[in-house]
Amino acid sequence: MSRVYNFSAGPAVLPEEVLKEAAEEMLDYKGTGMSVMEMSHRSKTYDAIIKEAEADLRDLMNIPDNYKVLFLQGGASQQFAMIPMNLMKNKKADYIVTGQWAKKAYQEACIYGQANKIASSEDKTFSYIPDCSDLPISEDADYVYICENNTIYGTKFKTLPNTKGKTLVADVSSCFLSEPVDVTKYGLIYGGVQKNIGPAGVVIVIIREDLITEDVLPGTPTMLRYKTHADNDSLYNTPPAYGIYICGKVFQWLKKKGGLAAMKEYNEKKAKILYDYLDESKLFHGTVRKEDRSLMNVPFVTGNEELDAKFVKEAKEAGFESLKGHRTVGGMRASIYNAMPIEGVEKLVEFMKKFEAENL
């Protein structure tokens with residue numbers, strides 16, 4: 001069976017060569033006579049896998065030495081609690097709410113202290129990024145929180161907010177490694193890997209060392225303290241070993257592709273093909289303010305629910321998978337992560353043109 005063009009928002013498309021390589025190593029990893037899936041996380045072989053993955057990620061993102069890289073479990077959603085538990089020293093934090101995941105993070109933070117919603121785009125179904133150049137940042141805020149790319153709504157911060165000297169915390173789950181990033185602008189940057197990097201089950205946290213302390217909120221479980229994992233090089237307990245191994249392969253694939261600058265160029269090229277068509281189409285249109293458009297997630301609609309449903313059905317039959325939009329936006333969404341080949345986007349636009357000609 002041939003592979004489909006998978007536009008899923010996550011778990012999402014992975015590079016074909018990574019999958020093939022993993023398949024070849026499935027029964028015997030480098031002469032060990034076993035799969036990475038069966039291997040002790042305390043073995044020398046696995047230690048080399050996780051160390052190499054971290055080194056490659058540091059190299060790709062230019063991560064400074066005073067930041068720790070943690071491979072954790074619990075997904076991005078567990079970070080919604082872990083962040084306030086570890087960082088809310090003054091029991092106060094400011095949240096910029098630009099989508100469902102930022103909203104959930106904000107609601108979770110309210111359990112642990114005073115979370116202030118200092119900006120939001122909920123008034124227009126999160127279809128834009130609010131102006132964050134001069135926000136009412138709390139004087140004693142422990143951090144300012146954003147979700148940098150909004151998977152559901154297809155928006156992206158092109159300029160980071162002015163945090164007025166406060167620590168910036170960012171969820172980058174759906175734009176992770178899609179472009180170069182200046183890690184020093186963040187105190188903590190994290191993301192679930194199942195959109196752009198690997199299989200579900202791993203969340204990567206990149207955290208500045210001064211934020212890792214014993215001083216956490218009372219009642220914080222041992223497993224939810226960054227210090228626990230930082231002190232043990234992500235091996236305090238059994239990590240999501242196979243997932244990390246696949247992430248490591250994706251890091252190597254990205255390096256072969258020319259790193260994050262090359263990836264950004266490729267992603268811009270892909271997104272332009274789709275956005276240019278949406279801008280000229282008489283049937284389809286995008287739902288996001290142009291200057292805030294994401295390179296990774298592209299929501300679009302016809303304005304007619306029945307026609308949207310017809311398009312999703314016929315697209316699936318033609319080999320375009322998972323184009324149905326999130327229920328809060330409706331319509332369609334094409335997630336075009338790093339591993340989506342450019343021809344996948346070209347073929348989608350071809351199909352959309354054909355559908356438009358038949359249904360206008």
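The following legends describe an overall view and several close-up views of a predicted model.

Residues are numbered from 1 along each chain as its sequence is written. In this predicted model, local features need pLDDT of at least 70 and side-chain atom pairs count only at pLDDT 80 or more, while totals for chains, interfaces and linings use all residues; side-chain values use heavy atoms, with hydrogens and water left out.

**Figure 1. Overall fold of the protein, with nine helices and 14 strands.** Helices (H or I, at least four residues) and strands (E, at least two) are DSSP runs, numbered from the N terminus. Along the principal axes, the C-alpha atoms fill a box of roughly 65 × 60 × 30 Å. The radius of gyration is 21 Å, which agrees with the value near 21 Å for a compact globule of 360 residues; this radius is taken over C-alpha atoms, and the globule rule is 2.2 Å times the number of residues to the power 0.38. Of the contacts between residues at least 6 apart in sequence, 69% join residues at least 24 apart, a contact being heavy atoms within 4.5 Å.

Figure 2. C147 is buried at 2% relative accessibility, and C175 is buried at 7%. Buried means under 20% relative accessible area, exposed over 50%, and partly exposed in between (1.4 Å probe, protein chains only). Buried residues account for 56% of the 360 residues in the protein.

**Figure 3. The cis peptide bond between G10 and P11.** The omega angle of this bond is about -5°. P11 lies in the loop between β1 (5-6) and α1 (16-24).

**Figure 4. N62, a non-glycine residue with positive phi.** The phi angle of N62 is about 55°. N62 occupies the loop that runs between α2 (44-61) and β2 (67-72). With a relative accessibility of 64%, N62 is exposed.

**Figure 5. L177, a non-glycine residue with positive phi.** For L177, phi is about 65°. The residue is placed in the loop between β8 (168-171) and β9 (188-192). L177 counts as buried, at 3% relative accessibility.
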